[in-house]
Amino acid sequence: MNGTVLIQSLIGGLGIGSIYALVAIGYSLVYRTMGLANFAHGNILMVGAYIGTVFYVSMHTNFIIAIIISSILIGILGMVMERILRPLGKMDLIYMMLGTLGIGIVLQNLAIIIWGTDGIAVQYPIKNEPWVIGNISISPYTLVIICASATVVLALQFFLHKTKLGLAMRSSAQEKEMSLVLGMNVNLMNALTLGLGSVLAAIAGVMVGPVFYVSPDMSSSVGIIGFAAAILGGFGSIPGAIIGGLTFGVLQTMVATQVSEWSQVIAFVIFVFVLIIKPSGIVGERVVDKI
Amino acid sequence: MTLNKVAVDKTANERMDNQAELTFSLNERKLTNSKSKANYWIAFAVGVGLLLPFAANTYQIHILNLVVLYIMLAIGLNLTMGYCGQLNLAHVAFYAAGAYTSAILTTTYQFNFWLALPISILVSVFLGVLIGLPSLRVRTHYLAIATLGLSIAVNETIVNLDTITGGPVGITGIPKPSFFGILLITEYSYYYLVFAFTLLLFLFSRLVVKHGIGRSFRAVRDDHIAAQSLGINVAKQQILAFAFSGLFAGVGGVLYAHMLSYVSPDTFTFNEMMFILTIVVIGGLGNIYGSIAGAVILLILREWLLQFENWQQVLYGAMIVALVVFMPGGLVSIKSLFQRRKKAGSS
């Protein structure tokens with residue numbers, strides 16, 4: 001692997017990695033707040049991508065406005081989902097998994113009924129002629145994805161740490177009973193968190209549209225890798241999700257430049273080896289089992 | 001003393017678990033009390049199972065074959081997940097290993113079915129042990145995604161090794177087995193082969209669950225640290241659980257390949273994994289009879305939903321959500337659900 005290929009795949013990997021990071025943050029946010037591994041997250045991303053695409057491709061709205069509309073609608077969908085999932089929050093992981101998967105199946109097949117299985121090609125919102133610096137060529141849209149994702153993450157951190165609502169959300173995630181005593185509406189906070197996580201998925205979904213096809217299949221590929229990224233970084237941690245997402249993206253792209261068809265296999269095997277070496281993820285706290 | 005402390009430290013979640021466990025263990029005790037009664041029921045069910053093909057048309061016999069096959073797959077997953085508490089999402093990879101090994105051996109290398117069968121089982125059990133290794137280090141969500149990732153890796157490997165496995169197209173023309181000179185060419189005769197293996201593995205699982213291994217499994221599931229302190233070799237039990245998963249899925253895979261005479265990577269996907277998992281959870285985790293009921297009901301449900309065409313999957317998903325939310329203990333909990341209602345009403 002020479003320097004040119006290395007830098008090119010690094011940038012490409014960071015681009016797709018920041019999409020994975022947004023998805024992974026969604027998983028971690030919901031897990032931290034509701035103790036729920038939301039397996040419908042990938043399907044939410046797919047529905048978000050479709051809604052954005054419908055506005056952008058069919059109705060010729062501005063790309064950014066399409067993202068905003070999709071985020072709002074998906075945010076509402078996420079809050080509705082909280083009501084359905086509420087009884088699952090206290091249950092065993094397997095039941096949560098199955099319940100959220102059930103919702104995922106419903107969303108997936110509704111999307112197939114509405115939009116068909118074919119998938120939609122989305123054109124780039126900006127002129128995507130590769131920039132050539134020396135002999136490295138970079139797609140500008142990749143840089144747009146990286147910058148936009150970074151902005152979204154910074155805005156999220158600002159919201160969670162500097163606003164009153166963010167504080168309420170964090171506190172109800174950390175101490176449910178205490179927050180209830182202090183008069184917070186914990187269920188509403190949970191709904192907001194699920195909504196927020198879903199908004200991140202919607203943004204990621206619309207942004208990734210021009211790179212991939214927008215199709216019902218995107219939910220399983222991006223959804224599963226996003227979950228793996230969240231786990232790799234340390235489940236429940238936002239910095240972990242970012243690190244996990246970027247690592248996964250770079251790893252996958254770098255393997256793909258060498259042996260393209262084996263990239264998934266090698267990425268997952270390396271992922272499992274990292275987990276075996278560091279069972280709680282890269283930045284995850286070591287959880288000591290209580291007796 | 002320690003036990004008290006354990007009880008104090010349990011979260012609400014675990015408490016619920018314990019309650020479920022209590023009902024299960026009560027059920028089990030009832031079963032041992034009326035052991036002969038249970039045996040009569042099993043004999044009766046076997047009789048019905050043996051006679052059913054005579055009443056079935058060609059379509060129904062195909063469904064019957066699948067039901068019996070899925071009972072086997074579900075019991076295997078239940079041993080790992082329901083009894084030993086290992087979140088194993090790679091069951092379908094072992095299923096694929098069994099199916100593909102036997103398919104390759106009987107087509108490319110012209111092996112006899114009865115020779116290919118034990119080799120295929122060995123391969124899938126070995127894969128089970130291999131994929132089970134991360135369970136020694138990671139648990140819960142972490143184990144779920146590790147096994148899922150490895151399962152996807154296995155599927156991709158099958159697609160990529162196209163010179164051996166036929167790639168995305170798969171392998172066709174897998175020969176039907178013969179049994180003492182009788183070629184099991186129709187689905188009617190094949191049914192008895194699947195039925196025999198499922199019955200054998202069912203009896204085996206009953207033996208496992210009732211004896212030392214089953215008790216160790218449940219101890220590992222409920223509290224692996226306490227289990228270790230009681231002298232149970234937790235690592236060994238976990239690997240054994242994955243080996244069982246490999247055994248059941250391996251046999252199932254071989255039978256599946258020779259039933260359809262065709263295998264392709266499309267069969268062994270995440271969706272298939274979720275279908276088997278749904279059977280186990282809807283039937284009742286940690287209950288073999290639940291897995292049998294779950295397989296019967298979910299396969300019939302799947303066929304019944306076919307009439308709704310495009311909406312079948314939507315309805316299927318909605319039903320799963322409803323079942324999980326309203327009946328978390330699975331089908332086997334119906335009885336205790338009513339009992340609890342009654343108790344709540346009287347007090």
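Biologist: How much area do chain B and chain A bury between them?

Modeller: This is a predicted model, in which local features need pLDDT of at least 70, side-chain atom pairs count only at pLDDT 80 or more, and totals for chains, interfaces and linings use all residues. Residues are numbered from 1 along each chain as its sequence is written, chains are lettered from A and ligands numbered from 1 in the order in which they are written, and side-chain values use heavy atoms, with hydrogens and water left out. Taking buried area as the accessible area (1.4 Å probe) that two parts lose on being put together, summed over both, 79% lies on carbon and sulfur atoms, and the total is about 4300 Å².

Biologist: Which three residues supply more than any other three of the area that chain B buries against chain A?

Modeller: Chain B brings 46 residues to the contact (heavy atoms within 4.5 Å) and chain A brings 44 residues. The three in question provide 16% of the area that chain B buries there, and they are H141(B), Y142(B) and I145(B).

Biologist: Which helix gives the largest share of the side of chain B that touches chain A?

Modeller: Helices here are DSSP runs (H or I, at least four residues), numbered from the N terminus. Those of chain B that each supply at least two residues to this side include α2 (12-33), α7 (140-160) and α15 (312-326). The largest share is 13 residues, and it comes from α7(B).

Biologist: How many salt bridges does the rule find across the interface of chain B and chain A?

Modeller: A salt bridge requires a side-chain nitrogen of Lys or Arg within 4 Å of a carboxyl oxygen of Asp or Glu. Across this interface, the number found by that rule is zero.
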